[in-house]
Amino acid sequence: MVRTRFAPSPTGYLHIGGARTALFSWAYAKKHGGTFILRVEDTDLERSSPESVQAILDGMAWLNLDYDEGPFFQMQRMPRYKQVIQQLLDEGHAYHCYCSRDELEAMREAQRAKGEKPRYDGRCRQRTTSVHGVSPVVRFKNPTEGAVVIDDLVKGRVVVSNTELDDLIIARTDGTPTYNFCVVVDDWDMSITHVIRGDDHLNNTPRQINILKALGAPLPQYAHVPMILGHDGERLSKRHGAVSVMQYSEDGYLPEALLNYLSRLGWSHGDEEIYSLDQLVQWFDLESISKSPAKFDPEKLSWVNQQYIKAADNARLVELARPFMAQDCFDTVHGPNPAEVFGLLKERVSTLEELADAAVYFYRPLEAHEDLKKQHLTAAVKPALEALVLRLADVEWKKETLNPLLKEICAAHSLKMPQVAMPLRVMITGETQTPSIDAVMALIGRDAVLARIRDHLTRYPE
């Protein structure tokens, strides 16, 4: 059975790259009826924090990436790591190294002076005695011959000579196991069959494979996914929009839109752009992951989000947009049904925040800028608007009757529709860009519309 894992370090928020790795691992497990595991790699005590752990859990929950097992925490598995380290020592696959920092630095300097690659030279490999007063590290005794062959499911075959690898520290002087070692034991104990991760981990893979072989453990299959770059080809950073996943929630993006966009960063199914998570699971395969880095495009993400908002159920949009609806702006008791308002506006926005902002004038009048008033509220159109007010007082209040009435008023005063609709729009909404004015008027309601028009007419230029 397929078993995948997402193993973030709680040293910050869940970012875009991590979310895509989680998505690919989740989708692959779901595709094959397997198990998706969440594992928190929290051995970096100086940088890990409970807040970061919570940020990861919150991000996974918001994205609806449900895990079948976990979350597991490495710090809770210390006895197991120490047991395996002792096993490697007992079997001759690891040894104690007593080299000091100064000794190691002198060794590297000498190697650099000879034009050699700085690396640990294995000088403690054959040591049989301890050094009094020195707490040693534990190093893995890497093979000195042969090569590690990785049949990567994305990169293809990667061959690394063992002579390129030095003896990795697997336990620090205080006995704390290191990242690369903990990963190996976790993948072994959790029976991980497929390791899907960013290709920045590719350099770690030969070392991890050698440790697994020394333990007699089965090897998972590896799939190293190219990194996500900014639009300028540089490593993705905050200036490119690489913020916390939860920041996208706060900015009014839908989780399924973000997942849809992330899945297209380095993977594709033909020319499909918009598809559901169920479709992604049905189509997903590792063979279709690109070998080249993907570029993060905030504008494309906004477009994808816009498509999801357009297709969303109006009642659901109300619930999603509620955090953006200021209480003093939205009188949903006396004002129009927000589901109907959002249904009218959702074609014109890219985020939930924009949707809520666009809906404010349905619930309270917005004062137009003076320049707009001077441009559109002219004396020439005032008689038509006064005539319209008289007719609006008793007309059946729905779009289907308001539209013909507006046309009738325009014809009676020899005006074109924009000459009446634009000043009407400015008086009623304070804006110049809205859905059709008859639809807007129908939702705002007769009393509010008449009050807003009359208020402006009393201040209209003569």
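**View 1. Residue classes in the lining of the second largest pocket of this predicted model.** The lining divides into 11 nonpolar, three polar and seven charged residues; Ala, Val, Leu, Ile, Met, Phe, Trp, Tyr, Cys and Pro count as nonpolar, Asp, Glu, Lys and Arg as charged, and the others, Gly among them, as polar. This pocket holds about 360 Å³ of space, a volume being the space filled by probe spheres set on grid points that are joined across faces, edges and corners. A pocket is found on a 1 Å grid over the protein atoms alone, as an open set of points where a 1.4 Å probe fits, with protein on both sides within 12 Å along at least five of seven lines; lining residues have an atom within 4 Å of a point. Of the 21 lining residues, Arg-101, Leu-104, Val-137, Arg-139 and Ile-169 are the closest to the centre. Helix H4 (101–113) and strand S5 (137–140) each supply at least two lining residues, and the largest share, four residues, comes from H4. Helices (H or I, at least four residues) and strands (E, at least two) are DSSP runs, numbered from the N terminus. Residues are numbered from 1 along each chain as its sequence is written, and side-chain values use heavy atoms, with hydrogens and water left out. In this predicted model, local features need pLDDT of at least 70 and side-chain atom pairs count only at pLDDT 80 or more, while totals for chains, interfaces and linings use all residues.

**View 2. The largest pocket.** About 1,000 Å³ of space lies here. Among the 34 residues of the lining, Ser-9, His-15, Gly-18, Asp-200 and His-201 lie nearest the centre. Strand S1 (3–6), helix H1, helix H5 (179–189) and strand S9 (194–198) each give at least two residues to the lining; H1 gives the most, with five. By class, the lining has 14 nonpolar, 11 polar and nine charged residues.

**View 3. Arginines over aromatic rings.** Arg-139 lies over the face of Tyr-120, at 3.6 Å from the ring centre. The charged end of Arg-80 sits over the ring of Trp-188, 5.3 Å from its centre. A charge sits over a ring if NZ of Lys or CZ of Arg is within 6 Å of the ring centre and within 35 degrees of the ring normal.

**View 4. An aromatic cluster.** Phe-24, Trp-267, Tyr-275, Trp-283 and Phe-284 form one cluster. The structure holds seven aromatic pairs, with ring centres of Phe, Tyr and Trp (its six-membered ring) within 6.5 Å; planes under 30 degrees apart count as stacked, over 60 as edge-to-face and the rest as tilted. Phe-24 and Phe-284 make a tilted pair, 5.2 Å centre to centre with 40 degrees between the planes. This pair links distant parts of the chain, 260 residues apart: Phe-24 is in helix H1 (residues 16–31), and Phe-284 is in the loop between helix H9 (277–283) and strand S12 (294–295). Phe-24 has 1% relative accessibility and Phe-284 has 0%, so each counts as buried (under 20% relative accessible area; exposed is over 50%, partly exposed in between; 1.4 Å probe, protein chains only). Trp-267 and Tyr-275 pair edge-to-face, 6.2 Å centre to centre with 80 degrees between the planes.

**View 5. Cysteines without a disulfide.** The structure holds zero disulfides, a disulfide being a pair of cysteine sulfur atoms within 2.5 Å. The sulfur of Cys-97 has its closest cysteine sulfur in Cys-99, 3.7 Å away, which is too far for a bond. For Cys-99, the nearest cysteine sulfur is that of Cys-124, at 3.7 Å. Cys-97 is buried at 2% relative accessibility, and Cys-99 is buried at 14%.
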